[in-house]
Amino acid sequence: MRSTRLSDRAFRTGLVLGGVVVSVLLIAIFLSLLLSSRPALVKNGLRFLTGTEWNPVTDTFHALPFVAGTLLTSFVALIIATILSLALSVLMGEYFKKGVFANIMRTAVELLAGIPSVVYGFIGLFFLAPLIRLLQEAVGAPPYGVSILTASILLAFMILPYSASIGREMISLVPSDLKEAALSLGATPSETVWKVTLPYARSGILGGILLSLGRAMGETMAVTMVIGNANDLTPNILGPGNTMASLIANEFSEASGDVYLASLIEIALLLFIISTLINVVGKIIVNRMAQAS
Amino acid sequence: MNQGKPVLDAAIRARLRGDGAFRGLVLGLSLVATVPLLFILLFIIIRGASSINWQFLTELPRPMGETGGGISNAIIGTIILIIVATIISVPLGVFAGIFLAESGKTRLGTVARLSVETLMGIPSIVIGIVAYVWVVRPLKQFSGFSGGLALAMIMLPVITLSTEETLLMIPVSLREAALALGVTYPRMIMKVILPSGLSGIITGILLAVARGAGETAPLLFTAFGTPFMNLNILKPMASLPQTIFVYATSPYPELQTLAWGAAFVLLVIVLALNIVTKLVTSRWKIQF
Amino acid sequence: MKISRIAVAAIILTVAAGLGFSQSVQLVGAGATFPAPFYTKVFDEYNKQFGVQVNFQAIGSGGGQTQLKGKTVDFGASDVIVTDEVAKSFPAPFVSIPMVAGAAVITYNLPGSPELKLTPDIVADMFLGTIKRWNDSRIAALNPTVKLPNTAITVVHRSDGSGTTAVFSDYLSKVSDNWKSKVGVGQSLSWPVGVGGKGNPGVAGLVKQLPGAVGYVELIYALQNSMPYAQLKNKSGNFVKPSLASTTAAANVTIPDDVTKVSLTDTEAADGYPISTFTWILIYKEQSYDNKAQAKADAMVKLLWWLTHDAQQYAQPLSYATLPPAVVAKAETLIKSITFNGTPLMK
């Protein structure tokens, strides 16, 4: 009997250890980033967040152009993805809940999620960039093809599945008696969706948007292949730009000089903090919606 | 009452038209969202499948600018990296998932779940930097191991959360029956609960593998790449995503063709995993 | 759970096999994409002839220096001269051994792929963004027989730390005060216009893709991809086409004692191409560090000797200029100075 109690306790300890390890892992990651970026934190100071120059030659490292690029690409991607994913959520949550067509759509969206980032970048470089070039020529902008817009469109398709599945879940949480009440009062299905379902699920959808934003901000490969890699601060979505993740991918393996490398790690730390914050807020909103129903 | 079609007044007809238009809009936008997928898949299949031949699958890359060669080292490299990542992440992930399912509401459980969910959202390139700082810098060596570790950290939260979710769906009656029969706690978990949730757990693992196999960013400064076949995880290793990245952005048509082929192989692996996941779920799932 | 036991056994065997797999000596290097076609070719030959695997990853000169500094690679490759100041930040003294000389050409994407004549000030202004269209009067004046389209000039530069950039900007700073004051010299620059590609292949890839693009790449990248490149007016006033011959001419200069300090840009040679450069391999002088086996250090030195002698035959087919005899002599001295625990590895 004693041996089973020992193995019992050992097992439970093992489980607790599992929980401890994952918690410690997160803290370790954060601390590593913090410690490794210390030389940069010290040297760059607050100017890191407000300055606009990234110049390894003069050891000047400012993050603003890349924060701006990250936010710009993510927001544009978000706008596109939200419109498309709302359509998908409504389609699969209201109009085609079952059946062959529903399955096809659902599978298609899941497959979209499975395509690796680098493959998106590959396709973007060869197909999307020439199309954007035509657009740029049409409006008189420099016809790079690679641009913030190109990256945003790719990002939109990459976060679409995630956004659509959360949206579908939120819409399915809307109590059917609410919807049926509206229908029985003579509302058309689309009016029900527009005036009852979506407003009800509004906060959950907002949470889903935030979670997708977190996803978009961290995407690296597809973005770095089509964004043009220009390190200036620019709000021009038809021009080239750069994001935090793409910058790291470009310059990490060659960053000599302690401050240079530490600055790149500081960018990684910043990315970590921003995406974590957005994810946490998004999760809270989504959970609250799920609990309310 | 009138016989035949009811006469509706103009306002209602307008609303019905609006209803149809809305439906059309939703359908149209949904197609805009999903038709590109078809396009991507078709394109990679057409371009990529034509590159696949025996030479492609078994030969090593040729020097820059020369024709011929293959991506055998990248295929093997990806397989080895995934094996390493799986060895590290599956035991830890499953155990952490069991812990969350069992003690999720405790203080440590809440902290752990928050940690795992945060880990899930960390961009993969940040994970790559961490693996560089933890393994590559101290060992003064790029290695398949550091790449595998980075992939493991990416796969871990997926496995943990899906294990927890699966186990939470198993009815309490199963546990209580086992305990009532005198089965010890460890045995109950390992021999009764886990097997019942096996399909869900395997699903989680396969999905995590699919995600890990496609990651490029963390491998750039950990596994590093090599033009040779390398089975030694303590040395640099090639991988499919990195090969695609390097070849796709090069100007050489031969390398771009190889990249399409590699993209095809990677896509086949990832999609096959997703489809197998579906089959596993539908066939093995124990219904309660 | 028999399946799991078999799986575990298989996994352990795989990993063990990988770890214990007794492979021949492996050397790892990283750096410049400028000479990468040459390096990948000769390392492939070296493996065939001697069974030694040399894994070279072309990540840019900046990457080569950084990884050597971090001792994560056995050697670095760089097209840019490492200044004394930068060298001081390395943990130990290292030598820079020249390998071949190459040319950075101005390549572009125009219909019909015409061969253009350009002058230094035009090139500087194109990359500064002051000349915006291909049919600009200055370009047209030099190329009266070419039908230049009204396309916008899209500048493609490097997004990573690049020796090619350093050489190119070194040249532009010598020939254009405007460039010198606005942008300057360096591996990573604050480019006024344009998009960035990763490595020489990235720049070539983008130029090939974007109509109206202009970029700077090593000659072989333009040749292997059938891309047009410009004749450049050199210091003597001649329009020189980048080629093996003109690079060799530029490389035939009096070498200072420290062969790593020689810059070939804006060459005095009458028929020399003005954006030429040597490219170097960097390696620590004292090879016994981090428990490095003597066998490995031996292999490294043998490789360097082979590269500067027998491997030179592979340079010219790829349009890289071989090292002039005076440079080879200096390289030999440097190689002989590499030691293991104080003793030179090659006598």
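Guide: L232(C) stands opposite V240(C), a residue of strand β10(C). Strands here are DSSP runs of E with at least two residues, while helices are runs of H or I with at least four, and both are numbered from the N terminus. Two strands count as paired if DSSP finds at least two bridges between them. In general, strands of a sheet pair through backbone hydrogen bonds, either parallel or antiparallel.

Now step back to the sheet. It is open, has 3 strands and runs β5-β9-β10 in chain C, with mixed pairing. Its edge strands are β5 (117–118) and β10 (239–240) of chain C, and each of them pairs on one side only.

A word on the model itself. It is predicted, so local features need pLDDT of at least 70 and side-chain atom pairs need 80 or more, while totals for chains, interfaces and linings use all residues. Residues are numbered from 1 along each chain as its sequence is written, and chains are lettered from A and ligands numbered from 1 in the order in which they are written.

Chain C also touches chain B. That contact takes 32 residues from chain C and 26 residues from chain B. Two residues are in contact if their C-beta atoms, placed from the backbone, lie within 7 Å. On the side of chain C, α1(C) gives the most, with 6 residues. By class, this side has 12 nonpolar, 14 polar and 6 charged residues. Nonpolar means Ala, Val, Leu, Ile, Met, Phe, Trp, Tyr, Cys and Pro; charged means Asp, Glu, Lys and Arg; the others, Gly among them, are polar.

Chain B meets chain A as well. Here the contact takes 64 residues from chain A and 66 residues from chain B. Helix α1 (residues 2–36) of chain A supplies the largest share of chain A's side, 18 residues. That side has 41 nonpolar, 19 polar and 4 charged residues.

Stay with chain B for one residue. V90(B) lies in helix α3 (residues 72–103) of chain B. V90(B) is buried, because 20 other C-beta atoms lie within 10 Å. The cut-offs are 20 or more such atoms within 10 Å for buried, 12 or fewer for exposed, and in between for partly exposed, with C-beta atoms placed from the backbone. Leaving out residues up to four places away in sequence, V90(B) touches I159(B) and I205(B). V90(B) and S50(B) are 40 residues apart in sequence, and their C-alpha atoms are 36 Å apart in space.

Finish with chain A. It has 13 helices and 2 strands. Of its 293 residues, 56% count as buried. Its mean pLDDT is 87, and 98% of its residues reach 70 or more. pLDDT is the predictor's confidence in each residue, from 0 to 100.

One helix of chain A deserves a look. Helix α10 (residues 202–218) of chain A has 17 residues, which should span 24 Å at 1.5 Å a residue, and its end C-alpha atoms are 25 Å apart, which agrees. The expected span is 1.5 Å times one less than the number of residues. Of the 17 residues of α10(A), 14 are buried, so this helix is largely enclosed by the rest of the structure.
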